[in-house]
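Keep the viewer open as you read.

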Amino acid sequence: MTGVKFDFDKPTKLIGQPEARLDAKRLLHGRGRFVDDIQLPRMLHAYFIRSPIAHGKIVSINTSGAMDADGVVNVFTGKDLENVVEPYVGVLSHLAGLRSPPQAPVAIDCVKWQGEPVAVVLAHSRAQAEDAAELIEIEYDELPAVVDMEKALDESCPLIHAGYDSNLAWQRTVDVGDVSSAFSNPDNFVVKKRFKFGRHTGVTLEPRTSIAEYDPSDDQLTVWYSGQAPHMMQFIFAKHLGLLEENVRVISQDVGGSFGIKVHTYGDEVAVAAIAKLLGRPIKFTADRYESFMSDIHARDHVVDARMAISASGQIVGLEFDDVTGIGPYSMYPRTSAIEANQVLNLTGAPYVIPNYRATSKVVFQNKNLMCQYRAVGHPIAMAICDCLLEEAAAHIQMDPVEVRRINLMADNSYPRTSASGMKLDELSHQAALNKLIEMMDYNSLRADQLEQRKDGVFRGIGFVSMVEVTNPSPMFYGIGGAPIASQDGATVRLDAGGGIHVSSSVTEQGQGTNAILAQIVADVLGVDLARVKVTTGDTKTTPYGGGTWASRGAGIGGEAALLAANALKEQILDAASVILQAKPSELDIKNGQVVDAKTFVEKMNLSDLARTVYYRGNELPDEAKPELVATRHYRVTDAPFVFTNGAMAAHVEVDIETGFVKVLDFWAVEDCGRVINPLLVDEQIRGGVVQGIGGALYEECLYSDEGQLLNTSLADYLVPMASEMPDIHVAHIETPTKSSVLGAKGAGEAGTGGAPAAVMNAVNDALRHLGVTIYQMPMTPERILSALAETKTDN
Amino acid sequence: MKAPEFTYERPTEISEALAIIAQDAHEKAFLAGGQSLLPMMNFRLAAPKTLIDLGGLKDLKEIVAVEDGLRIGATVTYSELGASALVSEFSQVFDSVLPHIAHSAIRNRGTIGGSVALADPAAEMPAVLIALGASVELASQRGTRFVPADEFFHGLYLTERSDDELVLSVFIPNSSRSLSTGFYELARRHGDYAIAGVCISDDSRPSGSFNAPKVVLFGVSDRPLRAKSVEESLVGVARNDTRKIRSASEALSDLVFDSDLHNSQDTKQRLASVCVRRALEAM
């Protein structure tokens with residue numbers, strides 16, 4: 001990146017400082033304004049009746065009882081919306097061969113998963129709608145359900161979609177080098193394991209919520225939408241409801257967590273918008289926790305047969321795996337449900353030098369809730385496959401897991417280069433991160449403690465992961481395949497008459513602090529007090545056009561756009577000041593909200609005086625001076641498809657072999673996310689991510705019956721990690737700013753979730769391996785650990 | 001997840017509450033802390049047409065030492081139980097158990113009477129009361145009666161209580177003062193319902209060996225389970241005889257264990273055995 005020179009080490013710097021986020025006080029005062037807080041005149045509440053079965057034909061729907069119920073205004077079925085909503089298809093052209101049939105927001109003839117919307121009741125209150133829903137009679141003709149993804153491709157398996165020859169949605173193979181010889185060479189050790197990764201889901205604190213309001217007088221649809229990508233949703237509402245994009249306004253302001261759950265097209269939201277258009281009055285839909293479990297996208301759900309060949313001296317010679325993943329009956333629109341499998345193929349082994357690599361992923365349809373992108377898409381699977389095999393292999397050749405990593409991790413001075421799968425890698429610091437990790441965790445003491453404790457029947461384990469994270473995606477992620485998803489983002493920065501700065505950005509705030517870092521960057525560039533910077537995000541009508549928040553891009557892409565725009569505004573300010581002060585722009589600078597002499601810092605004029613002169617008393621300026629005090633800049637990554645980050649993490653666990661319970665004693669993470677804009681926010685991103693990763697490793701799983709019934713639909717039965725069980729999570733950084741931007745920031749949002757599961761799995765296996773036991777299924781529940789221990793006993 | 005419509009009554013006298021419930025009792029429900037009933041109504045698993053709020057009944061909020069024991073009013077909350085010196089003096093088991101019951105916010109509202117009346121098989125309090133030889137005081141317009149806790153719990157959400165009866169109090173006899181107790185539970189996360197747990201009492205303090213232990217499992221069946229074989233095996237076993245304690249704690253084959261979402265019957269039995277042994281070893 002050239003063109004803008006920037007001093008990150010000036011005495012007044014804000015970038016890199018642990019500034020308290022400006023919106024924390026507002027949120028803690030209960031002044032957050034979430035979609036469900038909004039009440040509009042004449043608003044109705046939508047309640048979705050969802051399929052109670054996994055697969056079946058809809059024989060009849062009798063809504064007459066509900067139509068007469070108290071407070072009910074209308075009831076819609078799939079057929080009622082058939083001609084109102086253009087069906088959508090979740091495929092992208094760069095995922096060659098991916099197929100998925102057209103999908104309607106509310107099922108029309110056939111239901112294909114338990115939880116699929118079948119009818120919508122509109123009433124004056126949610127309670128009235130729920131009462132009326134009990135009066136709707138729906139008859140189904142149940143069909144055999146495809147539940148087990150491992151059997152979905154069997155010839156005897158029923159087909160989910162008419163006209164498809166199998167339940168296969170997509171498959172891809174990556175084949176590099178000569179894998180077969182790597183495994184057939186008798187000098188190499190081969191370890192082979194079957195990994196299972198359970199289905200889990202995002203569990204946002206604020207559920208999916210939207211209010212759609214349609215004004216027929218100017219054909220205007222406004223949707224308040226708890227989500228991540230307002231411009232994408234603008235396109236989707238417009239396209240599928242037959243509106244002009246400029247007539248659709250999507251507003252996503254305070255959002256109570258997303259984790260990728262809220263970046264997809266759900267039938268619920270589309271139906272609500274369609275009904276708002278039909279009825280000409282506002283409709284609110286708030287998912288309750290029960291329907292969140294049944295209808296928020298699920299994630300993971302992989303079975304992977306994997307093997308690694310390693311030389312006697314500890315070098316990885318080959319890695320090979322077959323992955324199958326079940327995605328539900330459709331590929332989710334518009335991002336598709338093949339991206340996760342694609343990430344697994346692309347990312348597995350990316351930290352290491354692996355000469356021979358072959359991997360196949362099969363993505364299959366099944367009659368379960370849809371699976372799609374959730375925080376750290378594909379990463380936990382990719383990292384676990386390679387790093388757990390690596391530790392297993394190291395154990396076989398009696399090599400320390402740290403040593404085997406030092407041998408195989410790419411050298412920090414070896415970039416740019418490509419990964420085994422061909423991904424372009426640059427500016428990574430695996431070796432340095434590992435060294436820092438070992439130092440901070442006091443590795444040797446932990447090993448000594450492990451042996452000591454074992455004498456007393458206390459089984460502790462230490463597990464590692466070296467990982468990469470895909471961040472700052474370029475158009476190669478979605479746009480290239482035809483998705484209405486911007487990879488660039490923009491920021492408009494404006495000096496107002498009072499001397500305050502207004503930032504408007506197309507990245508969005510999900511509760512993670514995006515607005516805070518945008519303000520911090522802009523205040524740093526402009527030399528103004530942080531409190532004088534106000535930020536607007538999440539409104540297609542008022543912000544620049546952009547992608548929103550996903551794939552850890554808010555800071556790296558949105559932040560860079562803000563930096564560039566602020567820099568442009570600074571030039572405008574200094575140009576105007578130079579006219580007013582009769583000086584050269586290069587002789588001026590801005591400090592503490594004052595235009596100052598660049599050398600002596602003598603204050604010349606405050607920003608408010610300058611702005612008031614420009615805005616109110618233009619008569620004082622020469623006619624040829626036409627100052628502008630607002631600048632917009634956009635930024636996209638052009639150097640590579642993604643900007644990878646790297647990290648090294650370690651988990652210390654204790655396994656109770658009588659109960660199978662695992663306690664995580666400590667967790668350490670060293671992350672290189674490039675330039676850290678606000679260490680408070682980055683550290684909490686890492687910690688929050690690690691907690692979600694521990695959730696996947698030990699607790700979280702969507703359990704289905706053989707008939708495709710989701711069995712755990714409450715927070716009592718679906719176990720999210722809670723504070724009491726979480727260890728201290730120690731975070732440290734290595735900062736290798738990316739040269740692809742001036743700011744140098746890479747993403748930090750998904751590293752913890754991507755890396756922690758493998759570290760925890762390795763730690764559990766490190767605790768148990770000396771007993772002849774290993775476990776390669778997540779979540780590692782007490783029962784699964786007890787079963788593994790019991791099998792060993794039987795074997796002996 | 002909105003409750004169906006219901007009417008709401010808030011009597012200020014017990015007699016008034018009993019009069020309300022006397023008619024169409026099966027369509028009415030008493031509301032104490034609401035920590036189980038209200039979520040069940042929101043899930044539409046329970047749909048009483050009338051809720052009778054017990055919050056106005058002062059007598060039900062009292063903890064009183066009477067001549068032959070301790071009377072704990074039905075709407076005494078877990079937090080109040082934990083703060084009562086009287087209760088701690090009667091039995092230390094409450095101090096061991098209470099921190100495991102959900103979280104502070106729930107303990108601030110959840111009541112001992114509610115737990116008993118609901119009879120969730122994974123709840124701690126029913127097992128504790130059986131172990132202590134407590135009884136449940138029930139009242140209706142037909143009269144008042146005391147039912148031993150050991151005979152009160154019939155199955156999943158099923159008890160000896162008739163629809164028209166109100167749990168007035170839980171009575172802990174003076175004999176529980178001299179019991180030594182043990183408690184252990186396994187929950188995946190702190191505050192979760194246990195996947196297996198046990199409450200044990202014994203009056204063996206003077207002799208150094210187990211005398212007449214009561215071993216009450218919870219979270220493993222549709223009701224609290226007395227592990228009679230364990231109890232019999234323990235009689236006469238020295239408290240420090242870890243070998244015999246281990247073998248006694250494995251004497252569970254006379255019981256039928258229920259699986260749950262995450263654990264098979266075998267796992268439940270195995271974990272119950274671990275709980276029993278760990279509770280015994282700590283006594």
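A pocket here is an open set of grid points with protein on both sides within 12 Å along at least five of seven lines, and a residue counts as lining when it has an atom within 4 Å of a point. Keep in mind that this is a predicted model.

## The second largest pocket

Let's begin with the second largest pocket, which holds about 760 Å³ of space. Its lining takes in 30 residues, and the ones nearest the centre are K368(A), E701(A), L703(A), Q777(A) and R784(A). By type, the lining of this pocket splits into twelve charged, nine polar and nine nonpolar residues.

Which element gives the most to the lining of the second largest pocket? That's β8(A), with four residues. Three elements of chain A supply at least two lining residues each: β8 (189–201), β13 (298–310) and α19 (782–795).

## Enclosed space

Rolling a probe the size of a water molecule over the atoms shows where empty space is left. Here, three cavities of 30 Å³ or more turn up, and the largest cavity has about 110 Å³ of space. Lining the largest cavity are 15 residues, with Q103(A), W113(A), P117(A), Y266(A) and G267(A) closest to its centre. Sorted by type, the lining of the largest cavity has seven nonpolar, five polar and three charged residues.

## Where the chains meet

How many residues of chain A are in contact with chain B? The count is 33 from chain A, against 25 residues of chain B. Together the two chains bury about 2,500 Å², and 54% of that is on carbon and sulfur atoms. On the chain A side, E658(A), F661(A) and E783(A) supply 24% of the area that chain A buries against chain B, more than any other three residues.

## A helix pair in chain B

Two packed helices are described by the angle between their axes and the distance between the axes. In chain B, take α11 (residues 242–249) and α12 (residues 265–281): they pack at about 145 degrees, with axes 8 Å apart. The crossing of α11(B) past α12(B) is right-handed.

From α11(B), the contact uses I245(B), R246(B) and S249(B), while α12(B) brings S273(B), V276(B), R277(B), L280(B) and E281(B). That contact is made up of three nonpolar, two polar and three charged residues.

Most residues other than glycine have a negative phi, and most peptide bonds are trans. Chain A has some exceptions to look up. The bond from Y333(A) to P334(A) is cis, with omega near -5 degrees, and P334(A) sits in the loop between β14 (316–326) and α9 (339–347). Another cis bond joins M778(A) and P779(A), where omega is about -5 degrees. You'll find P779(A) in the loop between β29 (777–778) and α19 of chain A.

Then there's S552(A), a residue other than glycine with a positive phi, near 45 degrees. S552(A) lies in the loop between β21 (533–537) and α15 (554–581) of chain A.

How values were computed. Residues numbered from 1 in each chain as written. Chains lettered and ligands numbered in written order. Predicted model: local features only at pLDDT ≥ 70, side-chain atom pairs only at ≥ 80, totals over all residues. Heavy atoms only, no water. 1 Å grid on protein atoms, 1.4 Å probe; cavity = no way out; pocket = protein on both sides within 12 Å on 5 of 7 lines; lining within 4 Å. Points joined across faces, edges and corners; volume = space filled by probe spheres on them. Nonpolar A, V, L, I, M, F, W, Y, C, P; charged D, E, K, R; others polar. Axes fitted to C-alpha atoms, helices over the stretch in contact; angles between N-to-C directions. Left-handed = near helix turned anticlockwise from the far one by under 90°. Contact = heavy atoms within 4.5 Å. Buried area = accessible area lost by both parts, 1.4 Å probe.
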